Amino acid sequence: MAYVDTNVLVAAYSPKDPLHPSAKSFLSKQQPRKVVSALSFAELSAVLSRVRPELQLPEPVQKEPFKRRVRAAVEYIFKDAGLNLASQVGTSIIHVGERTVPIPMEYSKAASEAHRLRLKALDLLHLAYASLISRLEFKLDLFVTTDQDILDAASEIEESLGLRTRHPRDLP
Amino acid sequence: MLKSKLSEELSEDEDVHELVEILFKLKKNGKNPLVLKLKKTAVETVAEGRGRWPT
């Protein structure tokens, strides 16, 4: 199974994007099965909201309030691309200063891998999600992305998290 | 109990099932119901939201 980064989803629905053919082709295949996280859900909602006039929907849907259009677009993309939305991964207990608090497990995982991967926070969080989903819900082999920073850290990611990082155009 | 009530109040969802059905019906009829006409590439658009331009 593969965790799909948001940039692959956006490219697949942007016909003029240079990566559209490879992203579309990857998503149209039954295998590997594809997984996204709660972060993907939030991030795709944010992207579609930011590009408001660039999101083209047909007339009956276009008349709906913007909030509902974005939600419908996200749900359509997830369903159309055959994505499994992984469920919440759980909490970790951390001790910071004088406080002992439960925090979302993906945050503690991202923090613990930060020194090794040295990526931006959202990149790290996607990878942390993929790693935890792989251990707790769906066994994942691949992290599919078009983000060069993540692709450049492929060997560290494989070593630390056991996930192979691939660009969709490099997949069969 | 307070926490679960608050969590219920804070959770927001939209039932857009009907709209999604419309989009799939159009797709079944050979139309492309959702198109992004981005001014930037998909990589740039997503990377901007992550606080950087892609390298």
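# Reading the terms against the values

Modeller: Tyr3(A), Ala73(A), Ile77(A) and Ile133(A) touch the most other members of the largest nonpolar core, which has 62 residues. Helix H7(A) gives the most to this core, with nine residues. This is a predicted model, in which local features need pLDDT of at least 70 and side-chain atom pairs count only at pLDDT 80 or more, while totals for chains, interfaces and linings use all residues. Residues are numbered from 1 along each chain as its sequence is written, and chains are lettered from A and ligands numbered from 1 in the order in which they are written.

Colleague: What makes a set of residues a nonpolar core?

Modeller: The set must consist of buried Ala, Val, Leu, Ile, Met, Phe, Trp, Tyr and Cys residues joined through C-beta atoms within 7 Å. A residue is buried if 20 or more other C-beta atoms lie within 10 Å of its own, exposed if 12 or fewer, and partly exposed in between, with the C-beta atoms placed from the backbone. In soluble globular proteins, nonpolar side chains tend to be buried together.

Colleague: Which residues does Tyr3(A) touch, not counting residues up to four places away in sequence?

Modeller: Tyr3(A) touches Val35(A), Ala130(A), Ile133(A), Leu140(A), Phe143(A) and Val144(A), where contact requires C-beta atoms, placed from the backbone, within 7 Å. Val35(A) is also the bridge partner of Tyr3(A) in strand E2(A).

Colleague: How do you know that strand E1 (residues 2-4) of chain A and E2(A) pair?

Modeller: Strands pair if DSSP finds at least two bridges between them, and E1(A) and E2(A) have two bridges, in the parallel sense. Strands here are DSSP runs of E with at least two residues, helices are runs of H or I with at least four, and both are numbered from the N terminus.

Colleague: Why are strand E4 (83-85) and strand E8 (164-166) of chain A said to stand at the edges?

Modeller: The open sheet of five strands has the order E4-E2-E1-E7-E8 (chain A), with parallel pairing. E4(A) and E8(A) each have a single partner strand, so one side of each is left without a neighbour in the sheet. From one strand to the next the twist averages 35°, as an angle from 0 to 180 degrees between N-to-C directions of axes, which are lines fitted to C-alpha atoms, for helices over the stretch in contact.

Colleague: What makes strand E5 (residues 91-96) of chain A hardly covered?

Modeller: The count of buried residues among the six residues of E5(A) is zero.

Colleague: Why is Arg118(A) called exposed, and what is its phi?

Modeller: Arg118(A) has 12 other C-beta atoms within 10 Å, and is therefore exposed. Its phi is near 50°, a positive value in a residue other than glycine, and its place is in the loop between helix H6 (105-117) and helix H7 (121-136) of chain A. Most residues other than glycine have a negative phi, and most peptide bonds are trans. The peptide bond from Gln31(A) to Pro32(A) is cis, with omega near -5°.

Colleague: Why is Lys25(B) called partly exposed?

Modeller: Lys25(B), which lies in helix H2 of chain B, has 13 other C-beta atoms within 10 Å, and is therefore partly exposed.

Colleague: How many residues does each chain bring to the contact, and how many on the side of chain B are nonpolar?

Modeller: Chain B brings 26 residues and chain A brings 39 residues. The residues on the side of chain B divide into 16 nonpolar, five polar and five charged, where Ala, Val, Leu, Ile, Met, Phe, Trp, Tyr, Cys and Pro count as nonpolar, Asp, Glu, Lys and Arg as charged, and the others, Gly among them, as polar. Strand E3 (residues 55-56) of chain A and E1(B) pair in the antiparallel sense over two bridges, and Leu55(A) stands opposite Leu36(B) in E1(B).

Terms used:
Contact = placed C-beta atoms within 7 Å.
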